[in-house]
Amino acid sequence: MDHRGGPVACTIRAALTGIGCSTIEASWRMTMSAPLLDIRNLTLEVDRRAILDRLDLAVQAGEIHALLGANGSGKTTLACVLMGCEGYVPGAGCVRFNGVELLPLKMHERARLGLTLAWQEPARFEGVTVREYLALGRPDYDAGPALRQVGLAPERYLERQVDRALSGGERHRIELASVLSMKPRLAILDEPVAGIDMLSIKHIIGVIRTLKADGGSVLLITHQEEVALVADRASQLCAGRIIFSGGPREAVDHFRGRACVRCDGEVCNHVRA
Amino acid sequence: MSELDELKRILPMVGAEPSILDDARTAHVVARGHRILSRRMVPGLRLDAEETPDAIVGKLTVDAGAQIDRPIHMCFGLAHPTGTQQIRIDVEVREGARARVLSHCLFPFAEEAEHRMQAVVTIGPGASLTYTEGHYHGPHGGVRVLPHATITIGKRARYFSDFSLLSGLVGKLDIDYLVEVEEEGLAELSAKIFAHGTDHIVLKEAVMLRGERSRGLIKTRVVLEDRAQAEITGITEAYAKGARGHVDCLEIVQGQAHASAIPIVKVFHPEAKVTHEAAIGSVDRKELETLMARGLDPEQAVEMIVSGILR
């Protein structure tokens with residue numbers, strides 16, 4: 001299930017219907033410099049409150065892009081909208097992934113284009129071994145290298161179940177190994193070091209770099225400065241809208257500097273402070 | 001082809017090797033209807049059985065201190081579309097003994113039949129019995145399967161049971177187990193059932209924790225599809241100091257199936273504790289989405305989740 005380097009799925013694209021994209025279609029000429037992920041005017045409201053508010057964001061091919069923001073700023077919601085999770089249907093906006101209009105696609109169709117998501121709280125699977133979880137139906141798949149990449153010894157973990165007996169940190173690492181084994185074009189990692197001990201964060205940073213080195217891109221949602229600085233670029237999200245994009249150091253400093261000028265203070269912690 | 005040869009041909013359907021019936025070191029009992037087709041005992045194990053017109057009546061004894069290393073295979077079932085099989089058996093695992101029973105229940109051709117099991121199991125002090133029962137049913141679903149058992153677990157004795165019905169249509173399955181656990185005894189009851197068509201599943205398991213520091217676990221996994229229905233009752237009652245019990249029931253309902261789960265927990269001693277968890281519903285959304293985010297379509301994802309639950 002290697003999603004890199006293949007042709008754009010023309011047949012899927014041709015079958016799609018637009019969701020509010022017609023007015024900006026002209027600007028989406030496929031060129032060599034077109035972003036891998038191009039989000040325009042994305043809006044999601046819950047009870048008339050905008051969780052995502054006309055959000056624009058671009059992630060280039062081969063880029064690690066960190067997404068910073070206070071709790072409740074919309075980072076995980078954005079991840080769920082991009083992946084197509086149930087209940088996360090935007091009211092307006094358009095998302096193109098590798099030139100394909102993403103929003104009309106079902107979740108597994110998005111994944112087959114090379115998009116995936118590692119959740120902040122990964123699911124548990126009773127009776128499913130780590131080996132089976134990483135192989136996902138590929139009988140000859142060798143899951144050992146992906147496990148070693150996240151700092152887990154295959155001989156200790158391959159036959160364990162992906163269930164409640166795993167600690168939060170172990171489950172998180174297995175989730176990242178699952179992402180690695182998929183070789184995605186774009187991996188959305190939501191808090192990939194949550195629950196990971198300090199000594200093991202280097203393994204996770206190694207995973208992020210490996211995803212890039214293998215030709216993929218990463219949208220990296222994180223609260224950890226050490227992890228954010230691995231990115232090539234970073235953006236700050238506040239109250240559902242991108243308020244800053246730049247280098248990771250600048251973005252971290254911007255976030256720390258409480259420089260938000262648009263936030264109403266209900267969401268953005270740095271303004272309230 | 002003899003009935004025994006026919007049975008050997010279908011044994012792999014429940015994951016058993018036909019060669020086990022030829023192995024002199026492995027005990028077995030094979031019965032079709034009310035006839036015993038084959039039996040072999042090993043040192044430390046005795047079977048006294050009688051064929052009657054309406055039942056097989058017997059007693060299986062594991063001698064005190066005997067350690068039966070190889071599993072004892074018991075093959076039951078019917079070779080024809082109609083018929084009745086009734087087994088009335090006492091099982092006694094005497095003090096300090098250890099045995100493992102694999103029971104294979106085969107009804108590949110049954111269309112309108114009944115299999116009735118009435119067992120009284122006694123596990124002596126410090127003894128251990130592991131009982132695994134696997135069913136294979138054909139596509140017709142007209143069987144009434146009625147296993148009823150009373151199990152007494154002695155001081156520091158251990159009992160593990162694992163019932164599975166994972167393929168074919170059963171018809172009506174009505175399990176009723178009552179387990180009495182004495183001081184420091186342990187009972188773990190596990191059942192995995194995949195019901196289809198118009199299958200009707202009634203599962204009632206009761207664990208009475210009578211002795212101090214006795215322990216019990218009832219774990220049930222049921223997946224229903226089509227118009228199948230299930231009523232699952234897990235009862236644990238704790239009567240003594242330090243007794244610990246848990247009831248864990250998960251039912252996944254698909255199609256037009258419907259299910260009920262009734263955990264009943266009672267505590268009669270201030271230093272005893274019984275907990276329970278029960279969940280009924282569709283496949284967990286988060287699990288489904290996680291697999292779909294890796295590229296599995298919804299059907300593939302459900303299959304992986306369900307096969308894991310029933311493993």
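Trainee: Which residues touch the most other members of the largest nonpolar core, and what makes it a nonpolar core?
Mentor: They are Leu220(A) and Val179(B), in a core of 171 residues. A nonpolar core is a set of buried Ala, Val, Leu, Ile, Met, Phe, Trp, Tyr and Cys residues joined through C-beta atoms within 7 Å. Buried means that 20 or more other C-beta atoms lie within 10 Å of the residue's own, exposed means 12 or fewer, and partly exposed is in between, with C-beta atoms placed from the backbone. This is a predicted model, in which local features need pLDDT of at least 70 and side-chain atom pairs 80 or more, while totals for chains, interfaces and linings use all residues. Residues are numbered from 1 along each chain as its sequence is written, and chains are lettered from A and ligands numbered from 1 in the order in which they are written.

Trainee: Which residues does Val179(B) touch?
Mentor: Leaving out residues up to four places away in sequence, Val179(B) touches Ile151(B), Ile153(B), Tyr159(B), Ala187(B), Leu189(B), Ala206(B), Val207(B) and Met208(B). A contact needs C-beta atoms, placed from the backbone, within 7 Å.

Trainee: What makes chain B as compact as a globular protein of its length?
Mentor: First its elements: chain B has 3 helices and 19 strands. Its radius of gyration is 20 Å, close to the 19 Å that the globule rule gives for 311 residues, so chain B is as compact as a globular protein of that length. The radius is taken over C-alpha atoms, and the rule is 2.2 Å times the number of residues to the power 0.38. The C-alpha trace of chain B spans about 55 × 55 × 35 Å along its principal axes, and 47% of its residues are buried. Of the contacts in chain B between residues at least 6 apart in sequence, 77% join residues at least 24 apart.

Trainee: How many residues of chain B are in contact with chain A?
Mentor: There are 18, and they meet 21 residues of chain A. On that side of chain B, helix H2 (285–292) and helix H3 (298–309) of chain B each give two or more residues. H2(B) supplies the largest share, 6 residues. The residues on this side of chain B divide into 6 nonpolar, 4 polar and 8 charged.

Trainee: How do you know that strand S3 (residues 64–68) of chain A is mostly covered?
Mentor: 5 of its 5 residues are buried. Ile64(A), Ala66(A) and Leu68(A) point one way from S3(A), His65(A) and Leu67(A) point the other way, and all are buried. Strands are DSSP runs (E, at least two residues), helices are runs of H or I of at least four, and both are numbered from the N terminus.

Trainee: Which strands does S3(A) pair with?
Mentor: S3(A) pairs in the parallel sense with strand S8 (residues 217–221) of chain A over 4 bridges. It also pairs in the parallel sense with strand S9 (residues 233–238) of chain A over 4 bridges. Pairing requires at least two DSSP bridges, so both pairs qualify. Leu67(A) is opposite Ile221(A) in S8(A), and Ala66(A) is opposite Ala234(A) in S9(A).

Trainee: In what order do the strands of this open sheet come, and why are S6 and S10 of chain A at its edges?
Mentor: The order of the 6 strands is S6-S7-S8-S3-S9-S10 (chain A), with mixed pairing. Strand S6 (115–118) and strand S10 (241–246) of chain A each have a single partner strand, so one side of each is left without a neighbour in the sheet.

Trainee: Why is H2(A) called largely enclosed?
Mentor: 8 of its 9 residues are buried, so H2(A) is largely enclosed by the rest of the structure. The buried ones are Lys75(A), Thr76(A), Thr77(A), Leu78(A), Ala79(A), Val81(A), Leu82(A) and Met83(A). After H2(A) comes Gly84(A), with a positive phi near 90 degrees.

How values were computed
Two residues are in contact if their C-beta atoms, placed from the backbone, lie within 7 Å. Ala, Val, Leu, Ile, Met, Phe, Trp, Tyr, Cys and Pro count as nonpolar, Asp, Glu, Lys and Arg as charged, and the others, Gly among them, as polar.
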